[in-house]
Amino acid sequence: KMTQQMRDLQLAQARKPPGPSSPNAAKRLYRNLSGKFRVNYTSFDEGSLAGRSEKERLRKSYLFQSNAALFEAVELQDLDRVQELLKQYSPEELDLNTPNSEGLLPLDIAIMTNNAPIAKALLQAGAKESPHFVSLESRSLHLSTLVREAEQRVNELTAQVVNEAPSTDCSEKEKQLKAWEWRYRLYKRMKAGFEHARVPDPPTNVHLSVASSSSVQVTFWEPLSVNSAVVTKYKVEWSCSPTFSPPLGEAVIDKLKNLHFTIQGLVSGTAYYVQVSAYNMKGWGPPQTSVPPFAIPSNWREYDGRAPRRRGQAEALDHLLSQVKTVHQHCVCHEPCKNQPQSRKHSVSKSLKHLFHPGSKFLKTLKRGLYLTAVFYKDDNILVTHEDQIPVVEIDDTYSCLLMQDFLWFTKVSCMWDEILWLRQCVTVSQSSCSCILQTRFKMLLATSQMQGLLGIQDLGQVFFEPIKDKQGNILIVTLKEVKTNQTFESVRWVPICKLQTSRKSVSSPEEPTALDTLLITVQDKLAYHRRSSHALSPGLYLGYLKLCSAVDQIRVLVPERLPNILCHVKIRSNPNISREEWEWLQKMASMDEPVPTEPDAETSQNQLFQELQVAIKELMTLVNIPLQEAKDFRLYSQEVLDFGGQVSFLLLLPPSDDVCTAPGQNNPYTPRSGFLTLPLQIFELGEKR
C-alpha cells in the first residue's frame with residue numbers, strides 16, 4: 001500500500017510544472033502520510049468501532065489531501081488541476097472557504113496573483129475571500145508579515161546551508177531553502193499585485209426591465225478593464241430619486257454565475273432608479289446607472305384592466321364535472337357508479353382474471369378493423385406481451401373507416417383515463433338511439449377498459465396525433481407513455497426496442513406493410529415525438545408564428561418538430577413580462593393605418609423592445625422560409641399577450657388575414673424547411689395544456 005502511495009505521489013509530481021513544491025503542502029502531506037501509516041493496536045471487542053473510526057479518519061485524511069492539492073494547484077497557477085479538483089469534489093469536501101495556516105483562502109491567492117481564470121473558476125464554485133481582511137490596511141499588514149517571515153526563514157536556511165558540511169541533513173535543508181525561496185517570491189508577487197491594483201471600473205451593459213407589477217430586473221456584464229484586480233462581488237442599489245438620495249435599498253451579489261438581480265416588493269406605478277457597482281480587493285468601484293435610467297413596475301393587463309383569460313377556468317370545469325356526476329349517480333341506470341372507487345381498487349386483481357378469459361387477451365394479428373395499442377417505454381426498453389408483441393386490443397372488427405371526429409373525441413378521453421368506467425356507464429344508456437357514433441365511442445371506451453385491465457394501469461398516456469392505417473383496412477390508434485420508475489407487470493415485460501425490431505418477423509410485404517409492422521418501423525420516431533412534446537420552454541418572452549391550413553374535416557396548425565406542443569417561435573428576451581408602457585406603444589403601432597418606422601427614444605424600455613422585435617422577426621422569417629420583404633404585411637396580434645404559467649409569454653405574428661389559414665387547393669408559395677409538421681388543432685391544444 002505504501003509503495004502504491006509513493007508511486008501515486010511520484011506521478012502527481014511528474015504532472016506538475018517545474019519548480020519546488022509548496023513547503024506547507026509538503027508539511028501537510030507528511031503529517032497525513034505519517035498519520036495514515038501509524039500502527040494502532042486495539043482489542044478484539046473494539047474492532048468494529050475502530051474499523052468505523054478508521055474509515056472516517058481515512059476519509060478526513062483523503063479530503064485533507066484534496067484541500068492541500070487545491071492550495072498547491074492555485075499557488076502553481078495550474079488551471080487544469082484546479083478545474084479537475086472543483087469537478088471531482090464539492091466545496092464542502094474541499095474546505096473551499098476554510099483559511100490555511102497563513103490565514104489565506106485559495107481565492108485570496110488567485111486574486112492577489114491576478115490569475116483571473118483561476119479566480120473566476122473558484123468564484124463559480126462558491127469561493128469567498130478570507131474574513132481576516134476586514135480592511136485594506138489589514139490585508140496590507142498581513143501580506144507584509146508573510147513576506148517578512150518568509151524572507152527571515154530564507155536567511156536562516158541560507159546561513160545553515162553555508163556553514164554546515166555536506167551531509168544528508170544539509171541536502172534536506174537545501175530542499176527546504178529552495179521551497180522557501182519559491183514561497184518568498186510568491187508572497188512578494190501577491191504583495192505587489194495588491195499594491196498595484198486599483199478599484200474596478202463600473203459594470204457594463206447595465207440593463208433595467210420591468211419584471212412584474214411589483215418588481216424590476218437588472219442585468220449587467222463585467223467591467224471592461226483588464227488591468228484592475230478580479231471582481232469578486234457586485235452591489236445593486238435602487239431609489240426613487242435619480243441622485244439616489246435617499247436610497248431605498250441595496251443588495252450584494254456574490255454568486256457570479258448569473259449576473260442579474262430582481263428587486264421585489266416595489267409599488268406599481270412608481271419610478272425606480274437603479275445603479276450597479278463592482279468590488280475587488282481594493283474596494284468598491286464607481287456605480288453605473290442603468291439603461292433605461294428608471295423603470296415603473298407594471299403589467300400589460302393594467303392598460304385596460306383585463307383579467308387573466310384562464311382565471312378560475314379549471315376550478316369551474318371541475319365543479320361542472322362534479323355536478324354532471326352527481327346527476328348521473330342518482331339515475332337508476334347508473335347505480336354501479338356508486339361503487340366505482342371500489343372497482344378501481346380491485347382493478348389489478350381483475351386483470352389477472354382477464355388473462356384467462358378467452359375474449360380478453362392481447363391480439364397477435366390484425367384483421368380488418370379498428371384497434372387500440374399502448375406503447376409504454378423506459379429509456380431504450382419497451383413493454384411487450386409474452387409473445388413479444390406490443391399490447392393491442394380490438395375496438396371494432398366491422399369498422400373500416402375512422403372518422404376524424406371520433407378520433408379527436410378519443411384524444412379528449414385521454415385526459416380522463418381514470419373516469420373510463422363512469423364514461424362507459426354514461427354512454428351505455430344512450431345506445432338505445434342506435435347512433436353509429438355512440439356505438440363506436442362506446443366500443444372505444446370498452447377497449448380502453450380492457451387495455452387498462454390487462455395491463456393493470458389506468459393511465460395509458462398521450463394519444464399520438466394520427467392513427468396508423470394500412471391497405472388491408474386496419475386502423476391503429478396509438479397511445480404513448482414514458483415510465484419513470486422500475487415497475488413490474490404481470491402480463492407484459494420489458495425488452496430492448498432494437499431487439500424487438502430485429503427479432504420480430506414481418507407477415508407483410510415491404511410495399512404494403514401492416515399497421516403493426518408500420519408501428520414497429522416508426523416506433524422510435526413516435527417516442528421521439530412524445531419526448532419532445534413534453535419539453536417546456538425556458539422562461540422568457542417569445543415571438544410565435546400562427547399558420548393554419550384547413551381540410552374538409554379538420555384544421556391543422558404548423559409546429560416545429562423539436563417542440564410540437566408550441567407554435568413556431570423564436571425567443572425575444574429572457575424577461576417574460578410586457579410592461580404597461582411597452583403594451584401602450586404596441587397598441588399605438590397597431591392602430592396606425594400605415595405604421596411609420598420611427599424608433600422610440602433611445603433610453604426607454606419601448607426602444608429596447610423595438611430593437612428586440614426587429615431581431616426576432618428577422619430570425620423567425622428565416623426559420624419559416626419567408627422572405628423578409630413578404631413580411632411587410634404581417635401584423636402583431638394586439639388583443640393580448642399569451643401567458644403560460646407566468647414564466648413564459650408569447651406575442652403572435654400573423655400573416656395577412658387571407659393567408660392565416662390556407663384552404664384546400666390554395667397555393668402556398670413559401671413552405672417551411674424540414675423540421676416542421678402540421679398537427680390537428682385539437683391535438684395541439686391538448687399538447688399545449690399538458
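Q: Helices (H or I, at least four residues) and strands (E, at least two) are DSSP runs, numbered from the N terminus; where among them is Gln77 found?
A: Gln77 is in the loop between helix 3 (47-75) and helix 4 (79-88). A word on the model: it is predicted, so local features need pLDDT of at least 70 and side-chain atom pairs count only at pLDDT 80 or more, while totals for chains, interfaces and linings use all residues. Residues are numbered from 1 along each chain as its sequence is written, and side-chain values use heavy atoms, with hydrogens and water left out.

Q: What makes the phi of Gln77 worth a look?
A: Its phi is near 60 degrees, a positive value in a residue other than glycine. Most residues other than glycine have a negative phi, and most peptide bonds are trans. Asn625 also has a positive phi, of about 65 degrees, without being a glycine; its place is the loop between helix 19 (605-623) and strand 20 (635-636).

Q: Why is Gln77 called partly exposed?
A: Buried means under 20% relative accessible area, exposed means over 50%, and partly exposed lies in between (1.4 Å probe, protein chains only). Gln77 has 37%, so it is partly exposed. With 28%, Asn625 is partly exposed as well.

Q: Which residue does a cis peptide bond join to Val291?
A: That residue is Pro292, and omega is about -5 degrees. Pro292 is in strand 8 (residues 288-295). The bond from Ser245 to Pro246 is cis too, with omega near 5 degrees, and Pro246 lies in the loop between strand 3 (233-239) and strand 4 (249-253).

Q: Why is the pair of Tyr279 and Trp284 called tilted?
A: Rings of Phe, Tyr and Trp (its six-membered ring) pair if their centres lie within 6.5 Å; planes under 30 degrees apart count as stacked, over 60 as edge-to-face and the rest as tilted. The structure holds 13 aromatic pairs. In this one, the centres are 5.0 Å apart and the planes are at 55 degrees, so the pair is tilted. Tyr279 is buried, at 16% relative accessible area, whereas Trp284 is partly exposed, at 30%.

Q: What makes the rings of Phe464 and Phe465 a tilted pair?
A: Their centres are 4.6 Å apart and their planes are at 40 degrees, so this pair is tilted. Phe464 is buried at 7%, and Phe465 is buried at 9%. Together with Tyr529, Phe464 and Phe465 form one aromatic cluster.

Q: How do you know that the charged end of Lys235 sits over the ring of Trp284?
A: A charge sits over a ring if NZ of Lys or CZ of Arg is within 6 Å of the ring centre and within 35 degrees of the ring normal. The charged end of Lys235 is 4.7 Å from the centre of the Trp284 ring and is placed over that ring. Likewise, the charged end of Lys282 sits over the ring of Phe194, 5.1 Å from its centre.

Q: In what sense do strand 1 (residues 204-212) and strand 2 pair?
A: Two strands pair if DSSP finds at least two bridges between them. Strand 1 and strand 2 have six, in the antiparallel sense, and a hairpin joins them through two residues. Strand 2 is also antiparallel to strand 5 (residues 260-263), over four bridges; there, Gln217 has Thr262 as its bridge partner.
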